[in-house]
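Colleague: I would like to learn how to read this model feature by feature. Please take me through it.

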Amino acid sequence: MERAAKKEAVEQLNETFKSTGVAIVAHYSGLTVAQMQTLRKQMKQAGASVKVSKNRLAKIALEGTDVVAIGALLKGPTVIATSSDPVAAPKVAVEFAKTNENFVVLGGSMGKTVLDVNGVRALASLPSLDELRGKLVGLLVAPATKIAQLSTAPAAKLARVVQAYASKDEAA
């Protein structure tokens, strides 16, 4: 790799690290090309990305970013998964690690918070941003439907009382 290409790679990585919400580091030694393509495809569908780069260049690119703490994890054949949604990359990485024993999650960083393997798993167990938005909308809509039900209930009760008296008069 030429010096200019290295500089460009470092700049691109630095931009990625500055704009990311979470970065996950994992070992990928022993994965086939097809498995790596599957990982990339799953990450892309979740709104995340996967990058394999030289550890030395990645450490240089980490300087001045919030996720600088993952530099200590960059040893051996590593892959870095990033996403702006704090749940997307961890969720895909943990699920992929369950089905592929050669993919080992080492840890990561969410902003300035350092995550160990258990922290990454905890993030992966949280609902995604879209799921949380759906739940919030459901909670906001629920009171309106309850009010509508309560406002129609007295009228319905009154109608049933009137109907009962009408039925009673017809029977007599």
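Colleague: Which residue is the bridge partner of Ala-23 in β3?

Modeller: Thr-82 is the bridge partner of Ala-23 in β3. First, the ground rules. This is a predicted model: local features need pLDDT of at least 70, side-chain atom pairs count only at pLDDT 80 or more, and totals for chains, interfaces and linings use all residues. Residues are numbered from 1 along each chain as its sequence is written, and side-chain values use heavy atoms, with hydrogens and water left out.

Colleague: How many bridges join β1 to β3, and how are strands and pairs defined?

Modeller: Strands (E, at least two residues) and helices (H or I, at least four) are DSSP runs, numbered from the N terminus. Two strands pair if DSSP finds at least two bridges between them. Here, β1 and β3 run antiparallel, joined by 6 bridges. β2 and β3 also run antiparallel, with 4 bridges. There, Ala-48 has Ser-83 as its bridge partner in β3.

Colleague: Which strand pairs with β1 over 6 bridges in the antiparallel sense, besides β3?

Modeller: That is β4, residues 104–110. Ala-23 stands opposite Ser-109 in β4. β4 also pairs with β5, residues 113–115, antiparallel over 3 bridges. Met-110 faces Thr-113 in that pair. β4 and β5 form a hairpin with 2 residues between them. Gly-111, in the turn, has a positive phi of about 65 degrees.

Colleague: Is β3 buried or exposed?

Modeller: In β3, 6 of the 6 residues are buried, so the strand is largely enclosed by the rest of the structure. Both faces are covered. Thr-78, Ile-80 and Thr-82 lie on one side, with Val-79, Ala-81 and Ser-83 on the other.

Colleague: Why does Ala-72 count as exposed?

Modeller: Ala-72 counts as exposed because its relative accessibility is 57%. It is found in the loop between α3 (55–62) and β3. Now take Asn-55, in helix α3. Asn-55 counts as buried because its relative accessibility is 18%. Contact means heavy atoms within 4.5 Å. Leaving aside residues up to four places away in sequence, Asn-55 touches Leu-74, Lys-75, Gly-76 and Thr-78.

Colleague: How many residues are in the largest nonpolar core?

Modeller: In soluble globular proteins, nonpolar side chains tend to be buried together. A nonpolar core is a set of buried Ala, Val, Leu, Ile, Met, Phe, Trp, Tyr and Cys residues joined through side-chain atoms within 4.5 Å. The largest one here has 22 residues. Ile-24, Leu-39, Met-43, Ala-89 and Phe-103 have the most contacts inside it. Elements supplying at least two residues each include β1 (22–27), α2 (33–46) and α4 (88–99). α4 gives the most, with 5. A second, separate core has 13 residues, among them Val-10, Phe-17, Val-25 and Leu-57.

Colleague: What lines the largest cavity?

Modeller: Rolling a probe the size of a water molecule over the atoms shows where empty space is left. On a 1 Å grid over the protein atoms alone, a cavity is a set of points where a 1.4 Å probe fits but cannot get out; lining residues have an atom within 4 Å of a point. The lining includes Ile-24, Leu-39, Met-43 and Phe-103. β1, α2 and β3 each supply at least two lining residues.

Key. Buried means under 20% relative accessible area, exposed over 50%, partly exposed in between (1.4 Å probe, protein chains only). On a 1 Å grid over the protein atoms alone, a cavity is a set of points where a 1.4 Å probe fits but cannot get out, and a pocket is an open set with protein on both sides within 12 Å along at least five of seven lines; lining residues have an atom within 4 Å of a point.
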